[in-house]
Each structure stands twice: as C-alpha cells, then as structure tokens.
Amino acid sequence: MPSATATPDLFAAEPPPSPSTAWLGPQTAVLRGFALPAAGLLLDGIARIAAQAPWRRMQTPGGYTMSVAVTNCGAFGWTSDRRGYRYGAVDPLTGHPWPALPPALLQLAGEAAAAAGFGGFVPDACLVNCYAPGARLSLHQDRDERDFGAPIVSVSLGMRATFLFGGLARADKPVPVPLEHGDVVVWGGVDRLRFHGVRPLHGAPHPVLGERRINLTFRRAG
Ligand code: SIN
Ligand code: FE2
C-alpha cells in the first residue's frame, strides 16, 4: 500500500518476550516481566517518593533493626518500632502525610491485580522496600491491613532476589522463587495470608539500579 509519507517501522526491532504467568497457588500469580514497560516511570516515582519520605531502617518490636530500608506512599504507610507494627497517615520521620501514590504506580497495581483475577483493586498503601546486598526479609504474613479481601501486589525492580513463598502455617516449607527486574507477584483470596520472605540479596548488580533491589508492595490497608 503506497503512502505519501514515510512511516517509521515501529516493529523492526525484536519485540520483547511476551509476559508469562506462573501460578504458585490457587490465587497467587507470578507475572513475569509485567512491570517492564512501566519500569522507567516507576523508578521516577520512587525517586520522588524517597525525596519526600526518606529511606529509613526501622526497629522491630523485638529490638532488631531491619536490614531492608523502607519508605511508603499512599494514604497509609506501614511503620514498625519497638511498640509494634502499624499503618498511619503520617510519616513519623517527617511529620507530613505520606507522598501520594503516583498515577503510574496506581495503574500498574490495578492492571497486575486484574491480570491475576482481582478486578477493581485500588490500593491505598504502597510499602517501598530497598535491599542492599545481604539484606533479607524473614518469613512473615501481611496481616496489618484491615481488608484481607484485597490482594497484595508485589513489584520487583533491580537485582534478582529469591522470594520465599510458604503456606498458611509458619512451619510450611516455602518454595524459592527467583524474581527479576519487572516481575510482579500477586497473592490474594485463599492465599492472602501465606507466609513469605526474601533470602539475603546477593549476586550481580543490576545495569540500572546497581547493587540494589527495590520492591513495591501495594495493599488495601485502611
Ligand atoms: C514484602 O513482603 O513486604 C516484600 C516482599 C519482597 O520484597 O519481595
Ligand atoms: Fe510481606
């Protein structure tokens, strides 16, 4: 078909591999590469969040300092100190409300939830975790949220990590799941309270993020 103007061939380059889905449970999906197209926007959003609500390593009620550095965005943010874990509308470090959820983050969370079978997910909290080599997260359940009807949407950026996905009992042996830059895990419904954690970060630096892994977990907290 002749055309008066030259049309650039948008499809000349190899297309990226199409995202694939693996199921870790009846209502737990690993959406491989799902966040890759939005990764640049997500990283811009994270930089703006950390400029307003700085990274910090929190104390646990047991008296440990978490190896993971955290911040939050959304109406509610998750914090921990010697008194316990909680969601609150104000960043205790700055005294200001948590930064708003950037539209690109909100959109990705909704699309990922829908792809895993959870339509209409509108998170009101996003915990942002930053892992340096050696940082880990011990097995835990996400149970500080008020609404277990909504799923957890977890987005991985930066270095590869080994995510551990367990059962509903702490003693259930977790399955190791390697997560790469751009992978998204969604768990909800009957799997909403499954134990999970992250092995100590190690291995090759990421071309963009260097010796870091950043994880976003979107929740319905309030
Ligand atoms: C979390 O459980 O809060 C984070 C999980 C992860 O970093 O993959
Ligand atoms: Fe968690």
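This is a predicted model: local features need pLDDT of at least 70, side-chain atom pairs count only at pLDDT 80 or more; totals for chains, interfaces and linings use all residues.
Visitor: What should I know about numbering and confidence?
Guide: Residues count from 1 along each chain as its sequence is written, while chains are lettered from A and ligands numbered from 1 in the order in which they are written. Local features need pLDDT of at least 70, side-chain atom pairs count only at pLDDT 80 or more, totals for chains, interfaces and linings use all residues, and side-chain values use heavy atoms, leaving out hydrogens and water.

Visitor: How do you know that β2 and β11 pair?
Guide: Two strands (DSSP runs of E, at least two residues) pair if DSSP finds at least two bridges between them. Residues 28-31 of β2 and 184-187 of β11 share 4 antiparallel bridges, so they meet that definition. Ala29, for instance, has Val186 as its bridge partner.

Visitor: Why do β1 and β3 stand at the edges?
Guide: The open sheet runs β1-β2-β11-β8-β13-β6-β3. β1 (21-25) and β3 (69-74) each have a single partner strand, so one side of each lacks a neighbour in the sheet.

Visitor: What makes His140, Asp142 and His196 the ones that coordinate the iron ion (ligand 2)?
Guide: Donors are N, O and S atoms within 2.8 Å of the metal (3.2 Å for Na, K and Ca); water is not among the atoms, so sites may look incomplete. His140 (NE2), Asp142 (OD) and His196 (NE2) coordinate the iron at 2.1 to 2.2 Å.

Visitor: Why is Asp142 called buried, but His140 partly exposed?
Guide: Buried means under 20% relative accessible area, exposed over 50%, partly exposed in between (1.4 Å probe, protein chains only). Asp142 has 5%, so Asp142 counts as buried; His140 has 22%, so His140 counts as partly exposed.
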